Amino acid sequence: MPTIANIRCVLLSSPYADADDPEIKECFPNGPKRTIGMVEVTLDNGVTGLGEGYLAVFAPLVFKSIVELCTPQVIGKDGFDIERRVKDLRSLCDYWSLQGAARHVIAAFEIALQDAKGKSLGLPVYELLGGAKADSIRIYGSGGCCDAKEQFLREFDQLAGLGITLYKIRSVKRDILRTAWVLNQAGHRGIEVGVDMCQNLADPPQAVDDVVGFVESVHALTDQRMIFVEEAIGPDCPEGFRELRGRIDVKVCGGEIITTPKEMIERINHDVYDFVQPDASVMGGISAVMDVFDAANAKGIDVVVHAWGGAAAIMASYHAAFAAGGKLVEYPMLAFPLGAEMIGDQGLIEKGRLLRPTAPGLGLTLTPEMETRYTFDETAVYSCALIDF
């Protein structure tokens, strides 16, 4: 079997989103530009694979340091025995990062090995996982990081152009009038709306009563109904999600911040969510997401993969969804030229559905010329610093 001949950490930065978006103003102190971090694996057969860890959006140099620490653990070893390589990396990292940063980096290695193996065998990654269960999957537009009406109207036009009829916006508990307006506008266009309440970083979290009050206040202003609330409670309060499910008639979901399949499976088994949202670039790779699908299927709940990183992160989650029979996936609507260029024609959307990619591996393109155009900018980081109002 091919062995791992080289590991390269790839940090790249690209223009991102709209400078007028509230999230950009709040969380990107140096302007609308985002960094992604990838691991490039080269096998001794000459094939390369790319994987991504979401950590680099926030702490690219931390990502790079952990990649460098992990590299000697895999060099010269079987590149097709992905399960064994993940165990090797976990043995190095789990003591000090069983959950969190190292899991993102292990994800990057795991995804890169899946990509390299698929390309070596001339197969899309989902074929390594048992084959695609469908030729297309319904996709929802993930945007709504804006306040101005013209920005929302622009996103409605974007959804219409792709035939997408499900839209996720970001709202906090005080955004009652804004959310009701979006629901009304969407309803006129035949579009359903879910709401991300942005509590994935909250400590302490908002109270369940606050979420209930938000949902009831919005619904009092419109005949339209939000179809889910995402990350409505903070990340360390699974009991809050469970309580919320019993108090509103809107689906409750979450999971993008969970970094091990074990923790997400525990939440599945304890009825924390109506559906779960694992991310391959966060949880430890594609195989970790597949474990979540298995547990969710046994419990009878849906898995809707989170897809908000760069190209390798997004395509890793998409391949898992195709292999596991996912019924819905996320489509990030904010402009990110590097990601779009890397995915190319392997992320086609027609009539509101993501078409099954067909290229070997993840189907990504990364050239030296692209790396030159999207050089790493150390100032292009997402800041989680709290802002007092």
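At 23% relative accessibility, Ala17 is partly exposed (buried means under 20% relative accessible area, exposed over 50%, and partly exposed in between, with a 1.4 Å probe and protein chains only). You'll find Ala17 in the loop between strand 1 (4-15) and helix 1 (22-27); helices (H or I, at least four residues) and strands (E, at least two) are DSSP runs, numbered from the N terminus. Its phi is near 60°, a positive value in a residue other than glycine.

Asp271 also has a phi near 60°. It sits in the loop between helix 10 and strand 9 (275-276), and with a relative accessible area of 37% it is partly exposed.

## About the model

This is a predicted model, where local features need pLDDT of at least 70 and side-chain atom pairs count only at pLDDT 80 or more, while totals for chains, interfaces and linings use all residues. Residues are numbered from 1 along each chain as its sequence is written, and side-chain values use heavy atoms, with hydrogens and water left out.

## The second largest pocket

This pocket has a volume of about 460 Å³, the space filled by probe spheres set on grid points joined across faces, edges and corners. On a 1 Å grid over the protein atoms alone, a pocket is an open set of points with protein on both sides within 12 Å along at least five of seven lines, and lining residues have an atom within 4 Å of a point.

The lining has 21 residues, with Glu83, Val86, Ser287, Ala288 and Asp291 nearest the centre. Helix 3, helix 4 (101-121), helix 10 (261-269) and helix 12 (286-299) each give two or more residues to it. Helix 3 provides the largest share, five residues.

## A nonpolar patch

Leu69, Tyr95 and Trp96 make a nonpolar surface patch of about 420 Å². Patch residues have over 30% relative accessible area and no salt bridge, and nonpolar side chains (Val, Leu, Ile, Met, Phe, Trp, Tyr) are joined within 5 Å, like charges within 9 Å. A salt bridge here is a side-chain nitrogen of Lys or Arg within 4 Å of a carboxyl oxygen of Asp or Glu, and areas come from the Shrake-Rupley method with a 1.4 Å probe, only the protein chains shown counting as cover for residues.

Tyr95 belongs to helix 3 (residues 82-97) and counts as exposed because its relative accessibility is 81%.

Val195, in strand 6 (residues 192-196), is buried at 0% relative accessibility. Arg170 is 25 residues from Val195 in sequence, with 5.8 Å between their C-alpha atoms.

Phe63, in helix 2 (residues 60-74), is buried as well, with a relative accessible area of 0%.

Conventions:
1 Å grid on protein atoms, 1.4 Å probe; cavity = no way out; pocket = protein on both sides within 12 Å on 5 of 7 lines; lining within 4 Å.
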